[in-house]
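Please open the structure in a viewer and keep the selection panel at hand.

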Amino acid sequence: MHISSRPAAAPAVPDTGRTTLPADARPLSRAAKGEVGRVVRVGLDGVIHDSLNPEELERRLLEIGFVEGARVEILHEGLFGRDPIAVRVDDMRVALRRREAEAILITRWQPDGASPAGAALHVIAEDTRP
Amino acid sequence: MSLASPFSHGGAPRIALVGNPNCGKTALFNALTGSRQKVANYAGVTVERKEGSFTTPGGHRVQVLDLPGTYSLRARSPDEEVTRDVVLGRFRGEAEPDLLVCVADATNLRLVLRLVLELKMVGRPLLLALNMFDIAKHRGIEIDVDRLSAELGVPVVPTVAVRRAGTVDLLKRIDAAAEGLEVVAPGTGNTWHEPSAEEVRATHREAERIIKLAVRPPTRPDTWTTRLDTVLLNPVAGLLILLTILFFMFQAVFTWAQPVMDGIKAGFDGLSAWINGTLPDGLLRSLITDGVIAGVGSVVVFLPQIVILFTFIILLEDFGYMPRAAFLMDKIMGGAGLHGRAFIPLLSSFACAIPGIMATRVIDNRRDRLATIMVAPLMTCSARIPVYTLIISAFVPDRTVGGAFSLQGLVMFGLYAAGILSALLVAFVMRRLVWRGTVEPFLMELPAYKVPDAKNLVMGVWTRAKAFLQRAGTTILSIMILIWFLSSFPGAPEGATDPAIDYSIAGMVGHWLQPLVAPIGFNWQMTVALIPGMAAREVAVAALGTVYAVGGGEENVSALMDTLGHSWSLATALSFLAWYVFAPQCASTLGVVRRETNSLKWPIIMFVYMTTLAYLASLATYHIAASLGWA
């Protein structure tokens with residue numbers, strides 16, 4: 001069994017290993033149509049989500065292409081409550097509900113691709129490899 | 001590694017096709033097998049099993065299995081569990097595959113390369129087929145096949161499933177592999193385990209690295225999909241277009257099928273008439289005409305609707321519209337706890353629940369699919385219309401209310417509305433109260449639009465039609481013969497004055513059930529009519545004609561209307577209408593549910609819950625009407 005690098009029971013400071021989030025990081029669920037961003041973190045640390053357990057949701061999001069460093073752009077929104085959303089993830093399109101998009105943190109997109117946030121996260125991700 | 005053929009066990013080599021959803025895997029399967037394919041269910045589960053066979057140019061006969069699409073071997077649904085277990089060779093009753101062919105959409109490699117890296121860990125002989133290679137080329141995507149193969153450590157072969165020559169290279173590989181040449185990644189030990197989130201990230205990075213080395217991004221990206229989505233996913237225009245498509249589809253199922261259905265019906269009636277004129281009166285004649293011919297006829301008559309509906313569904317699926325439609329409908333259907341994709345089956349159920357229930361195959365999640373199947377028969381199908389019309393015209397005065405609305409029309413509308421509302425309510429109870437807990441996330445790829453391929457369409461529709469006739473046919477036919485038996489045995493005694501059905505088992509059951517249905521205002525004639533009425537809802541009209549001994553049956557509806565108008569109270573008539581909104585008066589529907597869920601449990605649950613609802617609705621209707629002085 002793989003042991004997560006993020007301890008499940010650490011409510012006060014849940015995330016010591018990955019605290020280098022950029023200041024403007026916010027969930028994809030709050031982004032509006034037309035917004036472009038870079039994924040800086042996937043997964044809700046310790047937060048109980050009402051659809052799936054956080055680890056399962058994280059893996060499903062990763063499997064469909066929401067990985068740290070990916071470019072995301074909100075293409076379309078549903079009519080009611082602007083939900084669900086259609087997102088361009090790198091070179092493909094994915095539809096999801098805002099509820100699930102809560103587990104994806106994004107930062108402003110910097111077109112040169114050398115976004116400091118992305119780079120920093122990449123290093124962290126390397127460190128947490130089992 | 002040994003150079004022995006991966007197919008060295010002597011029997012016909014077995015290939016399994018694995019790939020992401022929408023990668024053209026089924027098109028490749030169709031291209032390889034042609035019409036030599038078989039659709040069934042995997043043992044013990046409701047997942048569809050598609051197997052076929054073909055002979056390679058080198059003369060090797062090969063079995064090929066089209067596994068459900070997946071992004072990972074880490075199964076998330078029963079379909080994906082089948083893929084995982086077959087790939088790992090641990091699915092009970094399935095032989096281990098000798099060769100895994102991973103099918104990739106060459107225009108969209110990112111996610112599938114991670115799947116390939118996962119499949120490599122399984123340690124089975126493996127080959128990557130780059131499908132839709134022509135489209136990738138056309139877009140200016142340059143794939144260095146040798147480099148890709150070297151970096152992955154898996155042989156790669158380009159394919160174009162929709163073209164005749166597009167599978168030549170793949171077939172050559174399979175032949176060479178059968179000769180023992182090392183043209184596929186050889187079998188090693190299985191080191192696969194369920195990857196953690198960090199391992200998914202790591203494989204993803206590896207896939208990214210390989211893509212950077214071996215794939216040059218498109219010089220002419222697909223702008224059609226973006227342009228079409230601007231309209232089709234527009235919150236307002238998109239919904240209007242969806243409703244237009246649905247309206248057109250519903251009209252087609254409803255009206256285009258009618259002449260063909262009438263033709264089929266006339267054909268079977270003619271056959272019955274011919275046999276009636278040829279054979280002497282007796283049991284054998286009755287069995288052939290009322291049992292077998294009526295039974296087969298009642299199955300075949302649904303075929304036009306099924307063919308039309310599946311033509312639409314497969315066209316929309318191949319075009320790539322289905323996930324968009326689910327996107328647009330998700331919020332609306334989600335209110336009742338149903339999946340966005342449930343609207344097509346439910347809409348089709350207005351024509352007939354049978355194609356509707358078959359259409360639930362577009363829903364991946366098992367519980368979402370079951371909930372949709374269970375409520376589909378509550379939608380007012382066209383077979384209820386003759387019953388509604390008969391009762392409404394006999395009992396509801398033909399006058400206008402509120403200045404413009406026909407009272408009869410309003411009652412009809414109310415019956416439709418009652419069906420829709422109760423379906424949403426039952427779905428809500430099932431998904432939100434019975435199956436509480438995990439709400440399946442709505443997370444799906446919106447694939448690029450593609451022009452549907454005619455050959456795939458024909459084969460898809462043919463497969464559905466065949467499956468319906470073979471599997472549902474046997475179940476439905478046997479139920480029909482049972483109903484015939486109940487309505488015919490024992491026969492009327494010499495010199496009997498009442499209709500023969502009174503003396504049959506159905507008649508006895510009707511009399512026996514009478515005290516049970518007295519509270520809902522039904523008389524014994526109605527109860528007796530409900531038993532042959534199980535064959536199909538509209539049969540109740542003819543059955544009422546039979547028990548009331550009104551000559552001419554269906555043709556002489558106005559005589560029947562008079563009889564009913566005199567012998568039923570208004571409260572009884574309304575109670576009968578309420579019964580028909582809910583009651584599972586259709587053996588064919590139960591037969592199809594049996595086939596689609598692969599179990600007896602679900603048709604039984606459906607029968608029980610619908611009968612209960614019908615009884616309660618009739619009880620309430622009868623007593624409310626009686627208290628209004630209509631008894």
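Begin by selecting F29(B) and T33(B): the backbone oxygen of F29(B) lies 2.8 Å from a polar atom of the T33(B) side chain. For reference, a polar contact is a pair of N or O atoms within 3.5 Å; within protein, one must be able to donate a hydrogen and the other to accept it, and residues adjacent in sequence count only if both atoms are side-chain atoms.

The model is predicted: local features need pLDDT of at least 70, side-chain atom pairs count only at pLDDT 80 or more, and totals for chains, interfaces and linings use all residues. Residues are numbered from 1 along each chain as its sequence is written, chains are lettered from A and ligands numbered from 1 in the order in which they are written, and side-chain values use heavy atoms, with hydrogens and water left out.

**Stop 1: the annotated site in chain B**

Remain on T33(B), which lies in helix α1 of chain B; helices are DSSP runs (H or I, at least four residues) and strands likewise (E, at least two), numbered from the N terminus. T33(B) is buried, as its relative accessible area is 0% (buried is under 20%, exposed over 50%, partly exposed in between; 1.4 Å probe, protein chains only). Display its surroundings: T33(B) touches G52(B), S53(B), F54(B) and V64(B), leaving aside residues up to four places away in sequence (contact means heavy atoms within 4.5 Å).

Next, select A31(B), also placed in helix α1 (residues 25–33) of chain B. A31(B) is partly exposed, with a relative accessible area of 24%. With residues up to four places away in sequence again not counted, A31(B) touches A161(B), T167(B) and K455(B).

An unreviewed UniProt entry annotates N30(B), A31(B), T33(B) and G34(B) as "binding site"; such annotations may be inferred rather than shown by experiment, and positions follow the numbering used here, with feature names shortened.

**Stop 2: the interface of chains A and B**

Now select the contact between the chains, to which chain A gives 46 residues and chain B gives 44 residues. The area buried between them is about 4,100 Å², with 57% from carbon and sulfur atoms (the accessible area, 1.4 Å probe, that two parts lose on being put together, summed over both). Highlight R60(A), E63(A) and R93(A), which supply 20% of the area that chain A buries against chain B, more than any other three residues.

Finally, show E63(A) with R74(B), whose side chains meet in a salt bridge (2.7 Å, N to O). The interface holds 10 salt bridges (a side-chain nitrogen of Lys or Arg within 4 Å of a carboxyl oxygen of Asp or Glu).
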